[in-house]
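Trainee: Hi! Could you walk me through this one while I have it open?
Mentor: Happy to, let's have a look together.

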Amino acid sequence: MANLNFFLNVEGGFVLLDLIEISHPDLTTPMRFVRNDLFGVTVKHEDGLEYNYGYQVFEVKRSATNRTLDQEISITFADFDDALMKALKKTNRLIEPQFKYRQYRDDDLEDAVQILQTLEITDVNKDASGLVTFDAKAVQLNNVKTGEVYTVENCPLLRGA
């Protein structure tokens with residue numbers, strides 16, 4: 001019979017922890033939540049400082065395109081005590097709240113596996129059951145065509161190119 005102590009004493013696999021951070025200049029501190037650790041976690045960010053994330057029930061849905069700069073995440077957040085909605089209602093809506101998404105392995109909280117930063121929260125909705133849904137999208141830097149079209153008439157040096 002095989003030695004079962006090896007299989008019984010071996011450590012299990014790792015879990016990817018989903019962490020979200022919501023910040024705005026009008027909020028005193030950013031709101032930080034972890035989805036799949038009941039006791040919360042303390043992780044080290046890319047700036048070298050440690051930050052605490054409290055447990056909250058939420059669901060993350062990534063957009064189908066991950067290889068472009070147009071990142072988009074849809075979040076369904078269980079905000080039964082209205083803490084998130086009250087905080088967002090107090091903010092100046094001329095400045096969109098910032099959203100950051102991080103993934104860490106539960107056995108290594110020093111380095112993030114994945115980081116999505118500089119996303120803006122849009123379309124915040126709350127239903128009667130207490131679920132808040134919002135989208136976090138990449139900032140649209142060049143969605144309006146402005147400027148001058150370069151033609152041979154207005155730029156004669158283009159003729160040589």
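Trainee: What is Leu131 in contact with, leaving aside its neighbours within four places in sequence?
Mentor: Its contacts are Thr76, Phe77, Ala78, Asn125 and Lys126. Keep in mind that this is a predicted model.

Trainee: And where does Leu131 lie?
Mentor: You'll find Leu131 in strand S9, which covers residues 131-138.

Trainee: How far apart are the C-alpha atoms of Leu131 and Phe77?
Mentor: They are separated by 5.6 Å, although the two residues are 54 apart along the chain.

Trainee: Switching to aromatics, how many pairs does a search of the whole structure find?
Mentor: The search gives 3 aromatic pairs. One of them is Phe33 with Phe77, with ring centres 5.0 Å apart and planes at 65°.

Trainee: Why is that pair edge-to-face?
Mentor: The planes of Phe33 and Phe77 are at 65°, and edge-to-face means an angle over 60 degrees, so the pair falls in that class. The pair also links distant parts of the chain, as Phe33 is in strand S2 and Phe77 in strand S6 (residues 72-78), 44 residues apart.

Trainee: What about Phe58 and Phe77, how are they arranged?
Mentor: That pair is stacked, with 6.3 Å centre to centre and 15° between the planes. Phe58 lies in strand S5 and Phe77 in strand S6, so the pair ties together parts 19 residues apart in sequence.

Trainee: Is Phe58 buried or exposed?
Mentor: Phe58 is buried, because its relative accessible area is 4%. Phe33 is buried too, as is Phe77, and Phe33, Phe58 and Phe77 form one aromatic cluster.

Trainee: New topic: where does Gln56 lie, and what does it touch?
Mentor: Gln56 is in the loop between strand S4 (50-55) and strand S5 (58-62). Not counting residues up to four places away in sequence, Gln56 touches Phe33, Val34, Arg35, Phe77, Ala78 and Asp79. Gln56 counts as buried because its relative accessibility is 18%.

Trainee: Last one: which residues form a nonpolar patch on the surface?
Mentor: Leu38, Phe39, Tyr55 and Val57 do, with about 480 Å² of accessible area together. Leu38 is in the loop between strand S2 (31-34) and strand S3 (41-44), and Leu38 is exposed, with a relative accessible area of 61%.

How values were computed. Residues numbered from 1 in each chain as written. Predicted model: local features only at pLDDT ≥ 70, side-chain atom pairs only at ≥ 80, totals over all residues. Heavy atoms only, no water. Patch = residues over 30% accessible without salt bridge, like charges linked within 9 Å, V, L, I, M, F, W, Y side chains within 5 Å. Areas by Shrake-Rupley, 256 points an atom, 1.4 Å probe, with all protein chains shown as cover. Salt bridge = Lys/Arg side-chain N within 4 Å of Asp/Glu carboxyl O. Helix = DSSP H or I, 4+ residues; strand = E, 2+ residues; numbered from the N terminus. Buried < 20%, exposed > 50% of the residue type's maximum accessible area, 1.4 Å probe, protein only. Contact = heavy atoms within 4.5 Å. Phe/Tyr/Trp six-rings, centres within 6.5 Å; stacked < 30°, edge-to-face > 60°.
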